[in-house]
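User: I would like to go through this model with you. Could we begin with the loops and then turn to the helix packing?
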Amino acid sequence: MTMIQHIQKELTPLYQKLNSHHIYKKVDDNNKLQTFMENHVYSVWDFMSLVKFLQNHFAPSAPPWKPREHKDIIHFINDIVLEEESDHLPDGRTMSHFEMYCLAMAEVGANSDKPFSFVQNITSTNLQEQMNSFDLPLEIQAGVQKTFGFLNSHKPHIAAAAFCFGRENMIPNMFRELLNKMNISKEQAPLFHFYLSRHIELDGEIHGPMALKMVEILCADDKQRWEEALTTAQDSIQSRINLWNYICLLYTSDAAD
């Protein structure tokens, strides 16, 4: 068994817990979809910081340019940046997936101004203070801090593990469950359906296998790196489960009101 296979085996219970989460069935009206999107949007945003960290490691943009190793990984990470920062909507417009998600939020009446303003004003310092100033819920802050904790380790294999196991290899099944179980039709939320389907297509068929290869390259034969990759993967998936749990609590609170 390879180390990648070992990690995948260890993650199976967490993936099963995530994919069978009751949140997917609970997104059954427009108000609940609004709540879901207003909280999930910050995960859409911090994903890009993971991507940019990895791009800077494999294909740094600062001059002078030099040829780099791992050309296939460079192509892979640049391809992801291309699609995530400048993908095409069905009508031909070009925008980042974060902007696309905010547009989908506005389409269903969710508050897209708050996350968009947050991202426009965020800086690389005092992240906690800035999240507090925008009054982000503690549960959202915890997820963002988890992601930036991976980046602040300054260890590419940790960022790659979070990216691979906590995003690229997690998202397709998670979004399939949402599409299959939520009671929101394509006619009710066309852009949201497009966003989910687009990620299932990209992450499941193209990005997932290359993300695994990136982890293998960065961890190589280093036992400690593999152990850190597993811990990071577990933390990443649990962080998403925690977010789903929090949103479900919001649904319960709304029902009580």
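User: Where does Pro64 lie?
Analyst: Pro64 is in the loop between H3 and helix H4 (71–85). Helices here are DSSP runs of H or I with at least four residues, strands are E runs of at least two, and both are numbered from the N terminus. This is a predicted model, in which local features need pLDDT of at least 70, side-chain atom pairs count only at pLDDT 80 or more, and totals for chains, interfaces and linings use all residues. Residues are numbered from 1 along each chain as its sequence is written, and side-chain values use heavy atoms, with hydrogens and water left out.

User: What kind of peptide bond joins Pro63 and Pro64?
Analyst: The bond is cis, with omega about 0 degrees. Most peptide bonds are trans, and most residues other than glycine have a negative phi.

User: What is phi of Asp135, then?
Analyst: Phi of Asp135 is positive, near 55 degrees. Asp135 sits in the loop between helix H7 (127–133) and H8.

User: Is Asp135 buried or exposed?
Analyst: Asp135 has 61% relative accessibility and therefore counts as exposed. The classes are buried under 20% relative accessible area, exposed over 50% and partly exposed in between, with a 1.4 Å probe and protein chains only.

User: Moving to the helices, how do the axes of H3 and H8 cross?
Analyst: The axes of helix H3 (residues 30–58) and helix H8 (residues 138–152) come within 10 Å and cross at roughly 5 degrees. Axes are lines fitted to C-alpha atoms, for helices over the stretch in contact, with angles from 0 to 180 degrees between N-to-C directions. H3 and H8 are therefore roughly parallel to each other; that term covers angles under 35 degrees, whereas over 145 is roughly antiparallel, 65 to 115 roughly perpendicular and the rest oblique.

User: Which residues of H3 and H8 meet?
Analyst: On the H3 side they include Asn39, Tyr42 and Trp45, and on the H8 side they include Ile140, Val144 and Phe148. Contact means heavy atoms within 4.5 Å.

User: What about Ile140: which residues is it in contact with?
Analyst: Leaving aside neighbours within four places in sequence, Ile140 is in contact with Asn39, Tyr42, Leu243 and Tyr246. Ile140 and Asn39 are 101 residues apart in sequence, and their C-alpha atoms are 7.0 Å apart in space. At 5% relative accessibility, Ile140 counts as buried.

User: What follows H8?
Analyst: His154 follows H8, and its phi is positive, near 60 degrees.
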